[in-house]
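Hi,

Here is the structure I promised to pass on.

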Amino acid sequence: MSTTTTSRPTVRDTPPRQTTPRTGRRLRALVGAAYAAPTAVMVGLFFLVPLALVVWMSLNRWPLLGKPKFNAPANYSGIPEDELLRSAAWFTVKYTVIITVLLFVVAFGLALLVQHRRPGVGFFRTAFFLPMAVGFASASLLFLGFLSDEIGPVTDLLSWLGLVDGYVSWTSGSPDSALASAVLLVLWRFAGFTMLILLTGLHAIPPDVYEAARVDGANRWQTFGRITLPLMRPTIALVLTLMTTGSLLAFDQFWILTRGGPDNSTTSLVMVIYREAFVRLDLGSAAGISVVLLAALLVFNAIQFRVLRRRSS
Amino acid sequence: MTTRAVASAVMAAVLVLATACGDQGTDNADDGAVLTLWTRAATESVSKAYADAYNATHRNKVEVTAYPNEEYPAKLASAAGAKALPDLFASDVVFAPQYASQGLWVDLTDRLAGLAVKDRIAPSHVRAGTWEGQNYALPHTIDLSVLLYNKDLYARAGLDPEKPPTTLREFADHARKVDQLGGDVNGTYFGGNCGGCVEFTLWPSVWAANGDVLDAEGEQATVDSPEMADVFALYRALYEEGVAAPASKDEAGPTWLGALRSGNVGIAPAPSVWLDALEQQGLRLGVAPISGLTGGESTFVGGDALGIGATTEKVEQAWDFLAWTTSDEAQVEVVAKNKGVPTRTDLAANKYSSADPRTVLINGLVAKGRTPYARNFNVSFNDPQSPWLQTVRGALFGDAGKALADGNSAITKSLQQG
């Protein structure tokens, strides 16, 4: 007969510290700084230095070659008069609102669909995430080809189904169809990725909470509204921040798919910055708009975090 | 003298000789340097043909790198900002004044003045590469706008395939007749959502009617002229009648060649360099000059200008290549042999062009055509967000009168922007 004995784990005697508490704290601080140093250097080199350069650039007339000339605040004072910039700012905000709402709804829907383990769910999770493996520029070109009346199958397919008649231009026929094409592309490309983040949040909710709700007789909607949503707030905050920041900086989809048209109706803010820098070759003006956009992003994110954190707490 | 002393003396002599030879080599412009040349994808094949021929007969080696057309200006601007321009870079000739004004190319004024063929180089291209009296670039490739018509569709429509239109009105009539064939066939096709395509193909009709779209300094637009309005009205009518393919309204450039390649378009203004590419698809094509509403003929002398990057340390070697591209050897055996348009006016007729009367016609148009000159050309006309494209869209598909009047002010403002 064997006996099983349980014993408390032995606590190893630690040798007495030779250092004073102050020295220990300093040592720990130094070790911490050493760990943080590589990241700090990277952030400094690739973010803070370029940021400072952009701010300085925005205060100068900055030729491609040759010496810059201080001209503040000319690069900022021209911003309100720029009609293209105004329409691009309005369009970017409109696009951000549309894509944030749609992408969140679609991604959350997908996450709820594949939340529980059941036969075939792995396939769907992979299928939803797969578009993320395609580069964004490549995906934009892919859509350009698909939606083209000349070479793409979409119009032919819809004609065969009797849904459209004759020539249809999806990417530049009208402002609405151009925007819809870009929104469709972004949904296809990013819904799976956003779903994955939301899925992680869903899995982090303890099953006991759901069980307790079921015992208390809560129906599906009550469970969703009273448990899932409140407990998902930190994840939702992260997803919304990623989506709004990404949308305010939208470029590739419009640059490739619609070229900002028709009639500048899908020109985004970053496209205007690109035009100032690489078409007008006015780096100072491009830097000025970039700084304003960065400031707007900071304010926007600060408000968003404050509101969402307050709700979370 | 000991053996060791003799050996030392011989070694010293060899070293002196070797050093002397080395010095001589670096003094020579053809010293085996490797030169980088950037170009846009549209003219890559010509740049590569130049480089291959030069590399085969010189110690210097030219390495060509091509970038997609749309990305190319940004690539150049980034390289300039990093002070890392290539040794040589080509540019769409209409952007040349902007690059010259920004100092992205080395000043070639004295070198060009010493070139034996300087007076025989395409003058509109030389002008485009000139800023404040100094020369910065030479013509690299020439591309002209012409009318290309499908001889088989002409025959089916009852038109004489050997009699192309001589006026713009006649062009419209021919397009209407071909369009009556029905089915997938369309009378004509144009790039109605592409500022560059429209200026390349519609402006020659304005010039042929003795009108203009820009002043000589490139600071004042005249797109609201009666000549421009007439040309727009004609193309607008063709679109509204369904004679122009519906896709013309949205053609932003990328699928323009593809639409003509289908063989379902009767007659269309297009780049002359497409003649060969389209015939390789099995199409039988005729070529005609672009005319004005009631006659005359002109062309847009496009293509690329080539200059020496301002940040290079191999100016002499780069000039050796650049000067060589203007030689008889390069112009005849590289350009003309590959059915291109020589950049030298005295070589328009040569042993290769005479084999095809269409090539003779194309080459002869260089002297009748124009290359518009403006420092802010790209931002005012070619860029998708340019005021010109908005004007074009309004003139072809919207309120034409308002679009031309408003557009003229907006383009002039853009041209004068500092």
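The centres of domain 1 and domain 2 of chain A lie 30 Å apart, taken over C-alpha atoms. Keep in mind that this is a predicted model. The domain assignment gives domain 1 of chain A two segments, 37-75 and 268-312. Domain 2 of chain A runs over 91-253.

Now the interface. On the domain 1 side, 14 residues are in contact with 13 residues of domain 2 of chain A. The two domains of chain A bury about 1,300 Å² between them. Carbon and sulfur atoms give 72% of that area. Three residues stand out: Ser268(A), Leu297(A) and Leu308(A). Together they supply 32% of what domain 1 of chain A buries against domain 2 of chain A, more than any other three residues.

What about polar links? Zero salt bridges are counted between domain 1 and domain 2 of chain A. Two residue pairs are in polar contact across this interface, both at pLDDT 80 or more.

Which elements of domain 1 of chain A give two or more residues to the side that touches domain 2 of chain A? They are helix H12 (269-279) and helix H13 (283-312) of chain A. H13(A) gives the most, with nine residues. By residue class, the domain 1 side that touches domain 2 of chain A has nine nonpolar, four polar and one charged.

Best wishes

Notes. Residues numbered from 1 in each chain as written. Chains lettered and ligands numbered in written order. Predicted model: local features only at pLDDT ≥ 70, side-chain atom pairs only at ≥ 80, totals over all residues. Heavy atoms only, no water. Domains from an automatic or database assignment. Contact = heavy atoms within 4.5 Å. Buried area = accessible area lost by both parts, 1.4 Å probe. Salt bridge = Lys/Arg side-chain N within 4 Å of Asp/Glu carboxyl O. Polar contact = N/O pair within 3.5 Å; in protein donor to acceptor, adjacent residues only side chain to side chain. Helix = DSSP H or I, 4+ residues; strand = E, 2+ residues; numbered from the N terminus. Nonpolar A, V, L, I, M, F, W, Y, C, P; charged D, E, K, R; others polar.
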